[in-house]
Amino acid sequence: MKPPAAPFTPEVLAIDFAARQAKALLVHARLCAEYGAPFRFFSTKDPLSELISALLSHRTKNAESHRAYQELRATYPTWEAVRDAPTEAVQHAIRACTWPEQKAPRIQAVLREISERCGTDAPCSLDFLAEMPIPEARAWLESISGVGPKTSAATLLFSTLRIPAMPVDSHHHRVAQRLALIGPKVGEGPAHKLLADLLPPGWDAQQVYDHHEALMFHGQKCCYFSAPACHRCVVLDQCPFGQARLTPTPASSE
Ligand code: SF4
């Protein structure tokens with residue numbers, strides 16, 4: 001089911017870049033206060049482990065992808081062993097997540113490609129990404145088949161690298177779209193650059209993480225997919241979608 005379409009007027013679409021930047025900062029401040037930033041980083045994985053974890057988490061609830069990851073790690077002591085295991089066995093180990101039949105061969109292909117690029121028998125550590133400018137590190141990851149902008153950003157930000165690259169998940173994307181920080185037809189992939197460009201370039205990993213987490217929490221706790229709780233939303237005054245929902249139509253006010 002698609003979420004209700006945002007009622008974007010020409011005025012909303014014409015909002016200029018500086019105004020969207022200012023709105024992004026204001027929304028950041030209010031949502032960080034609402035949900036209790038700074039948020040503690042939940043992961044202490046090395047970047048390669050974070051990359052595999054991110055691939056498992058695609059369209060999967062956190063608890064289920066965590067279970068799949070834990071079983072994969074308990075079954076195979078190294079990423080090399082995952083790479084070389086029978087695909088059906090890997091699929092069985094990650095059966096708690098969605099589409100294990102697609103994710104098992106994809107994960108093995110990613111591990112093979114990383115091993116080849118590193119020129120090593122085992123998949124190498126991805127710690128060297130910390131030495132690259134962020135766009136290059138993202139491009140390196142996204143040139144691996146099956147790795148998109150959300151996975152590359154999650155690998156850099158959530159892992160022990162703590163590099164300020166911002167992932168945009170479905171909650172974050174929905175909230176940003178309703179607030180008109182991005183246009184109504186911008187998909188999750190292209191939203192990554194557009195939303196990152198609204199943030200101050202000097203922000204550190206904690207600030208970028210707080211921004212992502214605050215918008216994600218808002219999507220989970222207030223700006224629901226099908227029936228957002230606009231009447232209790234702390235950014236209602238910034239949100240054309242919510243204001244249109246709460247404005248009585250001529251027919252309903254008669
Ligand atoms: S006003 Fe409604 S639609 Fe807008 S961000 Fe808040 S909950 Fe979401």
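These legends accompany close-up views of a predicted model. Residues are numbered from 1 along each chain as its sequence is written. In this predicted model, local features need pLDDT of at least 70 and side-chain atom pairs count only at pLDDT 80 or more, whereas totals for chains, interfaces and linings use all residues.

View A. Helices are DSSP runs (H or I, at least four residues), numbered from the N terminus. The 19 residues of helix α7 (residues 100–118) should span 27 Å at 1.5 Å a residue, and the 26 Å between its end C-alpha atoms agrees with this; the expected span is 1.5 Å times one less than the number of residues. Pro 100, Lys 103, Ala 104, Ile 107, Val 110, Leu 111 and Ile 114 of α7 are buried. They cover an arc of only 130° around the axis, which puts them on the same side of α7, the arc being that of the directions from the helix axis to the C-beta atoms. A residue is called buried if 20 or more other C-beta atoms lie within 10 Å of its own, exposed if 12 or fewer, and partly exposed in between, with C-beta atoms placed from the backbone. On the face turned away from the buried side, α7 carries the exposed residues Glu 101, Gln 102 and Glu 116.

**View B. Surroundings and end of α7.** The buried residues of α7 pack against α3 (47–57), α5 (79–84) and α6 (87–93), where contact requires that the C-beta atoms of two residues, placed from the backbone, lie within 7 Å. Gly 119, with a positive phi near 65°, follows α7.

**View C. Helix α8 and its two faces.** In helix α8 (residues 134–142), the buried residues are Ala 137, Arg 138 and Leu 141. Seen down the axis of α8, these buried residues fall within an arc of 100°, so they line one face of the helix. They pack against α9 (149–158), while the face of α8 turned away from the buried side carries the exposed residues Pro 135, Glu 136 and Ala 139.

**View D. The shell around the ligand.** The ligand is surrounded by 14 residues, of which Cys 223, Cys 230, Cys 233, Cys 239 and Gly 242 are the closest; a residue is near a molecule if its C-beta atom, placed from the backbone, lies within 6 Å of it. Helices α10 (170–178) and α13 (240–246) each supply at least two residues of this shell.
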